[in-house]
Amino acid sequence: MIRVFLALLGSLAFGALLAAADWPFPAGAIGAAAIVAGAVLSRRFWDRRRRAERPVPGWREVAAWHSLIGWGVVCGQLAMSVLRGVDLHLGQGNSLALDNWLLGLAAVAAWLIVRPRDRTRDERDREIDALGARVGFWSLFALILIASAVLGFVPRGWQDHLTPFVIGNALIVLLLLGALAYSAAQLIAYWRDARATDGDDA
């Protein structure tokens, strides 16, 4: 289970690092390339194991891993950009908006790379997917509830900074956090299922 939290924290930290400073190189392009390269290596690794008839995780579990990592990088980058108070409109003298779009497209491309032709689901996949959906929904509900309370009591001196554009990007961050909760819950459920299966075999 520790791998799930390390992957989540690592992807968020990597995305935040991309937006933490004005880098002298295209940080978003490098981040996007890393996401796509990771997907290609992952696809080759699992394909080799399948050809060798070695055990591999199901496609839903692989999809959950790539959603967690890909959207974690996007979320970390956007959250740090919002916290820095930088204008994320395109053409505003910084590359953060373009970086975020590149990272989002890379996350989608990574999924297209790793998805297998056979995408059938069994009963276990459906149950874990339903669990992830519940966790994602209630996580998002709690986040929006907290954000609503914060916006209702924000000091007057900060209100000028909360433009509709800033609030809109903050809502996107909340949506991404809900999606990350969904994927993390799935991966933890798969981990518990694997432990239970190993225990039965023993």
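Contact here means heavy atoms within 4.5 Å, and by that criterion Asp99 touches Ala27, Gly28, Ala29 and Gln77, not counting residues up to four places away in sequence. The structure is a predicted model, in which local features need pLDDT of at least 70 and side-chain atom pairs count only at pLDDT 80 or more, while totals for chains, interfaces and linings use all residues. Residues are numbered from 1 along each chain as its sequence is written, and side-chain values use heavy atoms, with hydrogens and water left out.

**Overall architecture**

- The chain holds 7 helices and 0 strands, where helices (H or I, at least four residues) and strands (E, at least two) are DSSP runs numbered from the N terminus.
- Read from the N terminus on, the elements follow the order α-α-α-α-α-α-α, and the C-alpha trace spans about 60 × 40 × 25 Å along its principal axes.
- Among contacts between residues at least 6 apart in sequence, 83% join residues at least 24 apart.

**Surface, burial and charge**

- The accessible surface of the chain comes to about 12200 Å², of which 65% belongs to carbon and sulfur atoms; accessible areas come from the Shrake-Rupley method with a 1.4 Å probe, and for residues only the protein chains shown count as cover.
- Of the 202 residues of the chain, 33% count as buried, a class defined as under 20% relative accessible area, with exposed meaning over 50% and partly exposed lying in between (1.4 Å probe, protein chains only).
- The chain carries 20 positive and 17 negative side chains, and the centres of the two sets lie 4 Å apart; Lys and Arg count as positive and Asp and Glu as negative, whereas His and the chain ends are not counted, and the place of a charge is taken as NZ of Lys, CZ of Arg, CG of Asp or CD of Glu.

**Salt bridges**

- Side chains of opposite charge can pair when their charged atoms come close.
- A salt bridge is a side-chain nitrogen of Lys or Arg within 4 Å of a carboxyl oxygen of Asp or Glu, and by this rule the count comes to 4 salt bridges.
- Asp129 is bridged to Arg60, with the closest N and O atoms 2.6 Å apart. This pair links distant parts of the chain, since Asp129 belongs to helix H5 (residues 123–152) and Arg60 to helix H3, 69 residues apart. Asp129 counts as buried at 17% relative accessibility, and Arg60 is buried with a relative accessible area of 14%.
- Arg84 forms a salt bridge with Asp22, in which the closest N and O atoms are 3.5 Å apart. Here too distant parts of the chain are linked, with Arg84 in helix H3 (residues 59–84) and Asp22 in the loop between helix H1 (2–19) and helix H2 (27–51), 62 residues apart. Arg84 is partly exposed, at a relative accessible area of 30%, whereas Asp22 is exposed, at 62%.
- Asp47 pairs with Arg43 in a salt bridge whose closest N and O atoms are 3.1 Å apart; because they are 4 residues apart in helix H2, Asp47 and Arg43 are separated by about one helical turn. Asp47 is partly exposed, with a relative accessible area of 22%, and Arg43 is partly exposed, with a relative accessible area of 22%.

- Asp99, which lies in helix H4 (residues 96–114), is buried yet has no salt bridge, and the nearest side chain of opposite charge, Arg84, is 8.2 Å away.
- Ser183 is found in helix H7 (residues 164–201) and counts as buried at 3% relative accessibility. Leaving aside neighbours within four places in sequence, Ser183 is in contact with Ala64, Ser67 and Leu68.

- Trp23 and Phe25 form a stacked pair, at 5.5 Å centre to centre and 25° between the planes. Trp23 counts as partly exposed at 34% relative accessibility, and Phe25 counts as partly exposed at 38%.
- Phe137, Trp138 and Phe141 form one aromatic cluster.
- Pro26 is placed in the loop between H1 and H2 and counts as exposed at 52% relative accessibility. Pro26 and Gly70 are 44 residues apart in sequence and 18 Å apart in space, C-alpha to C-alpha.

Notes. Rings of Phe, Tyr and Trp (its six-membered ring) pair if their centres lie within 6.5 Å; planes under 30 degrees apart count as stacked, over 60 as edge-to-face and the rest as tilted.
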